[in-house]
Amino acid sequence: MTTTHVLDQLPLWIEGDLKSPEMAAVEAHLAECPRCQEAAAQLRTSQGWLREALAPPFDPAPQHPLRRRVMDRIRAETPTKPAPGLVRRSALLAACTASLLIGFNLWRQSHRIPSVLPLGPAPPEAVEQPTGPALHLPLATHGHPAPRAIRARPAPRPEAQAPPQDKPACIEFQTADPSIRIIWLAQSKPQPGTRPSLEDKS
Amino acid sequence: MFPGTEALLMEAGLNLPPAAPAPDPLEPLIRRIRAGEVEPFEELMAHTEARILALAWRILGDRHLAEDAAQETYLRVFRSLHTFRLGERFEAWLIRIAVNVCNDLARKRGPLPVRMETLEALEGDAAIMNAEETALLQQRRALVRQALAQLPQAERAALVLRDLEGHSTEEVARILGVRPVTIRSQVASARSKVQAFCARLIQATPGGRL
């Protein structure tokens, strides 16, 4: 019999918290030491009493009052802040609108369309303000197939009336949702003062 | 793992590689709540509230205080669910919050008063025991709860999670944010104190009957 008692190790041994060699050593000692056997028996008893005394007094049935109280508080708190999904959709819409405006301004600058009437004496010819191009947004909806990418094809026109640079402007936006693509097509009429017309040539 | 790898590793005396953690069954609910839905939170509570109530009652020793702790726990969980890292075990995160709430409430309340719980838990026993046995059992349960209540807060939480909630030492260490060796030390000390309390109790009882 080993002479060193294992009283200090019993609180860990009782629930299997020692490593295998230590467990085996404690068990070998316990087999021959009545004093440690008695301490182990007391520890086993107190652990059993602990588990018995600390059995929860709650009904295992669903805790409807607790759940109702918590859900009432949560619902009262939630409407004050918008749902994250709504925020994302609003941000996406704002980004699309801003992109469209920027794209339209860039296109207008490239075609030298004045954004405001020039100051000073009135021009000899009335400046025709470009009418806003019709905006078609083929948006995909749930349950419908997403629209295929639309490539801008200029309508065939006589060479004299439609110079090559007069292709319609096409701006495509791919949203975060792969099923939604925003395509914007625009074409302007040539202004009388910026481009020679057929009548001028003749 | 290739066929036979397990046997080869065992022959070589090597440990098996840890298996990939199973997906948390509560994760779909958590994703929906984080996306802005409120109703799935009720389902989340239905899955976990029994454990949280039991844990709070074991730490606090009072039924009404345990219900308050559970309510505060779930409100904190809802408000901070966006900080939960998906892929981790939700229940461990929930228990960590519950233990913190219980510690806060225990600090506010001060030293734990020992409550003699009503006999509601003994209704089943009463039919088969005589009055003396029932009284002795009730007394013993109350005094063991008193022994638990007298433990330092950290030891009580470690003992409850390890011996009563059934978590491993490593899990308890993760939940409480300490090293496993600290948990071993705390549960060993707590078990010894409860045992010593029970031993004194038996000696103090007339005839040593409890």
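Analyst: A helix here is a DSSP run of H or I, at least four residues in length, and helices are numbered from the N terminus. One caution: this is a predicted model. With that term in hand, look at the end of H5(B): B:Gly110 follows the helix, and its phi is positive, near 90°.

User: How do you know that the length of H5(B) agrees with what a helix of its residue count should span?

Analyst: Helix H5 of chain B has 20 residues, 90-109. The expected span is 1.5 Å times one less than the number of residues. That gives 28 Å, and the end C-alpha atoms are 28 Å apart, so the two agree.

User: Which residues of H5(B) are buried? And what puts them on the same side?

Analyst: The buried set is B:Phe90, B:Leu94, B:Ile95, B:Ala98, B:Val99, B:Val101, B:Cys102 and B:Ala106. Their arc around the axis is only 165°, which is why they fall on the same side of H5(B). The face turned away from that side carries exposed B:Asp104, B:Arg107 and B:Lys108. Helices H2, H3, H4, H8 and H9 of chain B are among the elements that cover the buried residues.

User: What makes A:Trp49 count as buried?

Analyst: The cut-off is 20 or more other C-beta atoms within 10 Å. A:Trp49 has 20 such neighbours, so the residue counts as buried. A:Trp49 sits in helix H3 of chain A. Leaving out residues up to four places away in sequence, A:Trp49 touches B:Arg140, B:Val144 and B:Cys198.

User: Which residues make up the contact of H4(A) with H4(B)? Why is their crossing called left-handed or right-handed?

Analyst: From H4(A) come A:Leu66, A:Arg69, A:Val70, A:Arg73 and A:Ile74; they meet B:Glu67, B:Ala70, B:Gln71, B:Tyr74, B:Leu75 and B:Phe78 in H4(B). By class, that contact has seven nonpolar, one polar and three charged residues. The axes are 10 Å apart, at an angle of about 35°. A crossing is right-handed if the near helix is turned clockwise from the far one by less than a right angle. The crossing of H4(A) and H4(B) is right-handed.

User: How many residues does each chain bring to the whole contact?

Analyst: Chain A brings 34 residues and chain B brings 39. On the chain A side, H1, H3, H4 and H5 give two or more residues each. H3(A) gives the most, nine. By class, the chain A side has 20 nonpolar, six polar and eight charged residues.

Conventions. Residues are numbered from 1 along each chain as its sequence is written. Chains are lettered from A and ligands numbered from 1 in the order in which they are written. This is a predicted model: local features need pLDDT of at least 70, side-chain atom pairs count only at pLDDT 80 or more; totals for chains, interfaces and linings use all residues. Two residues are in contact if their C-beta atoms, placed from the backbone, lie within 7 Å. Ala, Val, Leu, Ile, Met, Phe, Trp, Tyr, Cys and Pro count as nonpolar, Asp, Glu, Lys and Arg as charged, and the others, Gly among them, as polar. A residue is buried if 20 or more other C-beta atoms lie within 10 Å of its own, exposed if 12 or fewer, and partly exposed in between; C-beta atoms are placed from the backbone. The arc is that of the directions from the helix axis to the C-beta atoms. Axes are lines fitted to C-alpha atoms, for helices over the stretch in contact, and angles run from 0 to 180 degrees between N-to-C directions.
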